[in-house]
Amino acid sequence: MLEIVLLAMVAAFLGLRLYSVLGRRAEQEEEPAVQRFESDDKPAGIRPAAMPTAVAPPRPVELEGVMPAVERGLREIAAADSKFNLAQFLEGARGAYRMTLEAFWKGDRETLRELCDDDVYAGFVAAIDAREAAGETMDNTLIRVEEVRIHSASLDGKMARIALLFVADIAAVTRDKDGNVIAGSLDDAVESRDVWTFSRNITARDPNWLLDETDEG
């Protein structure tokens, strides 16, 4: 009887050891399966980021259709002035065109002083003085700017110059001192073609370009 009891105790002890080993192994084998499922269920975005690669600097703007000399001038300006952006320049020039015309028509010398260099400013002021001396006023309206096209571009030392062709529709009326229309009509818009040249010293802190020449297109 004693031997039977001892054999039963040994069998029980071996059974517990076997369960302990097999149970721990089963738990260890189940864990990777759960991890694999969770990994597959994660969004694709959660992945190690790829190492950055060198990217060529962007072109200032698409220049297809531009004359080679103009493109060369623009690239020289962009290379010398890292802050130059042609798209922003064109948008700013469009706004400057409207502001300058409206300031000239109204006789706003202060605004013209901010937008033009000395020579162009002097020309505008002389025309305003003559108009005021004659008692005449301009009742003009810029209907729309149809087109802004790059006419030329160059970099001479530190001075960058870009000429633009503006094609616009303008309703122009000139009145005498009594308010009578002596020229033009508000009912008929006239196409205006102007070539305006803007310049800027690329080493200057002031980012603004000034109108330094006007001509007919």
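Is Arg-175 buried, partly exposed or exposed, and at what relative accessibility? In this predicted model, Arg-175 counts as partly exposed, at 23% relative accessibility.

Arg-175 forms a salt bridge with Asp-139, and the closest N and O atoms are 3.3 Å apart. Because Arg-175 lies in strand β4 and Asp-139 in the loop between β1 and β2, the pair ties together parts that are 36 residues apart in sequence. Asp-139 is also partly exposed, at 29% relative accessibility. Strands β1 and β4 run antiparallel and are joined by two bridges. They belong to an open sheet of three strands, ordered β1-β4-β5, with antiparallel pairing. Its edge strands, β1 (137-138) and β5 (181-184), each pair on one side only.

Next, strand β3. Of the 13 residues in β3 (residues 159-171), eleven are buried, so the strand is largely enclosed by the rest of the structure. Strand β2 (residues 141-156) pairs with β3 in the antiparallel sense over 13 bridges, and Leu-155 stands opposite Ala-160. The two strands form a hairpin with two residues between them, and Gly-157 in the turn has a positive phi of about 70°. Strand β6 (residues 190-201) also runs antiparallel to β3, joined to it by twelve bridges; there, Ile-162 has Phe-198 as its bridge partner.

Among the helices, α3 (residues 86-106) has 21 residues and reaches 30 Å from first to last C-alpha, close to the 30 Å expected. Asn-85 caps its N-terminal end, with a side-chain oxygen 3.1 Å from the backbone nitrogen of Ala-87. After α3 comes Gly-107, with a positive phi near 75°. The buried residues of α3 include Phe-89, Tyr-97, Phe-104 and Trp-105.

I return, finally, to the salt bridges, of which the count is twelve. Within helix α2 (residues 68-80), Glu-71 and Arg-75 lie four residues apart, about one turn of the helix, and their closest N and O atoms are 3.1 Å apart. Asp-129 and Arg-109 meet at 2.7 Å, N to O. Since Asp-129 lies in helix α5 (residues 118-133) and Arg-109 in helix α4 (residues 109-115), this pair ties together parts that are 20 residues apart in sequence. Asp-129 is partly exposed, with a relative accessible area of 37%, and Arg-109 counts as partly exposed at 26%. Salt bridges that share partners join Arg-109, Asp-129 and Glu-132 into one network.

Conventions
Residues are numbered from 1 along each chain as its sequence is written. This is a predicted model: local features need pLDDT of at least 70, side-chain atom pairs count only at pLDDT 80 or more; totals for chains, interfaces and linings use all residues. Side-chain values use heavy atoms; hydrogens and water are left out. The expected span of a helix is 1.5 Å times one less than its number of residues. Buried means under 20% relative accessible area, exposed over 50%, partly exposed in between (1.4 Å probe, protein chains only). A polar contact is a pair of N or O atoms within 3.5 Å; within protein, one must be able to donate a hydrogen and the other to accept it, and residues adjacent in sequence count only if both atoms are side-chain atoms. Two strands pair if DSSP finds at least two bridges between them. A salt bridge is a side-chain nitrogen of Lys or Arg within 4 Å of a carboxyl oxygen of Asp or Glu.
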